[in-house]
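Hello,

Here is the structure I promised to pass on to you. Please have a look at it first, and then read my notes below.

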Amino acid sequence: MTQEPLSASQAELTPEQPSAPVAQCTDMPYTLDTAPWLILLAAGQGTRLAAAAGCPKQFLTVDSVPLFWLSVRTCSRVARLGGVVFVFPKDTFESSRDLVRELDRLEPCGLNMAFAVGGARRQDSVASGLAVVPQSARFVLVHDAARPFFSPGLVNALLDRLEAGAQAVIPGLAVTDTIKVVNKAGLVCATPDRSTLRAVQTPQGFSRRALAEAHRTLNTPENTVTDDASLMEEAGHEVLVIDGEAGNIKITNPEDLQLLKKKAETGAEDGSSCTKQAAPDQTVPGQAVSGQAGENGSPAAPDNPDTTGCLVPCTGFGYDVHRYGGDRPLVLAGVPIPCDFQVRAHSDGDVLLHALMDALLGLFGQGDIGMLFPDNDPRYDGADSAQLLAEVLQRMRQARVRLTHADVTVVAQKPRLSPHKKAMQESLCRLLGLGPEHVNVKATTEEGLGFTGDLSGIKAYATVCGLKSETI
C-alpha cells in the first residue's frame with residue numbers, strides 16, 4: 001500500500017474543514033462524525049487517452065474545471081456525505097492538492113476534504129485513501145474520477161442499502177449483448193447466460209470497517225483485483241448489485257472526448273448538476289473540453305469567467321403547503337425532523353425545498369414545480385427533493401441566471417422547529433452553494449390560527465434574488 005510520506009503536511013492526514021457549512025442533525029441516521037466519506041480515485045495515468053489529450057484524463061478541462069471536479073459537484077448534492085478523499089498521482093500530488101483548494105475557494109462544495117498519494121495499482125490507491133478516512137465513518141464510497149456523470153440519486157440509493165444492513169453495494173447494468181468466453185486462440189469456450197451478468201460501475205459502497213479489513217488481509221502483491229467489490233467477495237461478504245445508470249459511463253478512449261464536449265455544451269442530463277453559481281457566460285461552446293495542463297505538467301486552474309453583458313436583478317417568490325396525516329416522514333431542507341407528524345405528498349414532501357424551487361423558477365420565468373415535476377408522474381413518487389432542486393438549479397444556470405440570496409420561512413404550529421433552523425440553514429447553504437450570510441431561514445407559527453394552527457398541515461414561503469445576464 002502506497003501512502004503519503006510522513007514528512008508531508010499533517011493536514012493531509014486530517015480532514016480539512018469544509019469550505020461551506022455542512023448540515024448535521026443529531027436525529028439523522030448518523031452524525032457528521034459518522035457520516036459516509038467518498039474516496040475519489042484520480043491517480044491513474046490513463047495511457048489510452050493521455051496521448052490524445054496531452055494529460056491524464058482526470059485533469060481534462062470540462063466546463064472550465066478538471067474532470068475530477070465534476071464528481072465533487074455531484075457529491076455536494078448529497079446531504080448525507082461527510083467528505084471526500086482525493087487520491088492523486090505522486091508526481092503531481094502537491095499541485096493537484098493546491099488546485100483542489102483553489103477550486104473549492106471559487107466554488108465551495110461544502111464537504112470536508114482529505115488527500116492521499118496514489119499507488120501503483122488501483123487497489124493500492126484505495127488503500128491509501130482508506131487510511132485517511134475518519135475511523136468514525138460508518139460507510140465509505142469508492143469512485144473513479146473517470147466516471148463524471150453519475151447522479152446524486154445513485155449515491156443515495158447506495159447509502160440507503162448500506163443503512164439497511166448491506167456490507168457491500170454496487171451499481172450494475174444488465175448486459176444486452178451476447179457474451180462469449182474465448183481462449184487465447186480466439187475460439188469460443190462458453191456462452192454464459194447474459195441474464196445473470198451485470199456490467200458494474202462506481203461509486204461502490206461499503207462498510208468502512210469491513211472494506212478496511214478486506215484490504216488489510218487480501219490486498220497483497222500477488223492478488224490484483226479490478227474493483228473493491230472483488231476484495232469483499234474474497235473476504236466472504238455478500239455483494240448486493242442495484243440498478244446502475246446508463247449515463248454513468250467511464251471516460252476511457254480518445255473518442256470519449258467528443259462525449260465530454262457534448263455533455264459540457266448541453267449540460268448533464270442525469271442529475272449530476274453542480275453547486276457552482278458560475279458567471280452566466282463562463283462556458284464557451286467549442287472550448288469546453290481541453291487537454292491543456294499548467295506549468296510543469298500540473299493541472300490547469302479554472303478559467304476566470306468572462307462577465308461581459310448586462311446583469312439585470314431578478315426576484316422569485318415561492319409558496320407550498322402539505323397536509324399532515326400522510327406516510328412521508330417530515331423533512332425540511334433535506335434535514336429529517338423527528339416528530340409524530342407525517343405529510344401527504346407525492347415526492348418526499350419537503351415543503352421548504354418545494355417553495356424554494358418555485359421561487360427559483362420565478363427567477364427565470366419557468367412556471368412552477370407542478371409543471372416541471374407533475375404529481376401524477378410515477379417517476380417522482382417518493383423523489384428526493386434535493387435532487388429535484390439540482391435540476392432546477394441546472395436550468396437556472398442554463399438561463400444565464402446567478403443566484404445571490406435566499407430567504408425562507410416555514411410556518412407550523414407543531415413540531416417546534418427552532419432547534420433545527422441552524423441545520424436547515426447549513427443544508428441550504430450547501431445545496432445552493434451560498435454562504436450563510438446569503439441564506440436566511442425563519443420558523444414561525446400562526447398563533448393557533450388557520451390550518452397550521454389546528455395542526456392540519458405545514459407551509460413554507462421562499463424569496464430569492466439573482467442576476468440575469470443579458471446581451472447588450
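Let me start with the aromatic rings: the model, which is a predicted one, holds nine aromatic pairs. Rings of Phe, Tyr and Trp (its six-membered ring) pair if their centres lie within 6.5 Å; planes under 30 degrees apart count as stacked, over 60 as edge-to-face and the rest as tilted. F86 and F88 are a stacked pair, because their ring centres lie 5.9 Å apart and their planes meet at 15 degrees. F86 also stacks with F115, with centres 5.5 Å apart and planes at 20 degrees. F86 belongs to strand 4 (residues 83–88) and F115 to strand 5 (residues 112–117), so this pair ties together parts that are 29 residues apart in sequence. Strands here are DSSP E runs of at least two residues, helices are H or I runs of at least four, and both are numbered from the N terminus.

Buried means under 20% relative accessible area, exposed over 50%, and partly exposed in between (1.4 Å probe, protein chains only).

Now for the nonpolar cores, meaning sets of buried Ala, Val, Leu, Ile, Met, Phe, Trp, Tyr and Cys residues joined through side-chain atoms within 4.5 Å. The largest has 51 residues, and L332, L356, L360 and L432 have the most contacts inside it. Among the elements that supply at least two residues each are strand 14 (310–329), helix 11 (385–398) and strand 20 (457–470). Helix 9 gives the largest share, 10 residues. A second, separate core has 40 residues, including C75, F86, A145 and L162. In soluble globular proteins, nonpolar side chains tend to be buried together.

As for the whole protein, there are 13 helices and 20 strands. Of its 472 residues, 52% count as buried. Among contacts (heavy atoms within 4.5 Å) between residues at least 6 apart in sequence, 78% join residues at least 24 apart.

Two notes on reading these values. Residues are numbered from 1 along each chain as its sequence is written, and side-chain values use heavy atoms, with hydrogens and water left out. As this is a predicted model, local features need pLDDT of at least 70 and side-chain atom pairs count only at pLDDT 80 or more, while totals for chains, interfaces and linings use all residues.

Best wishes
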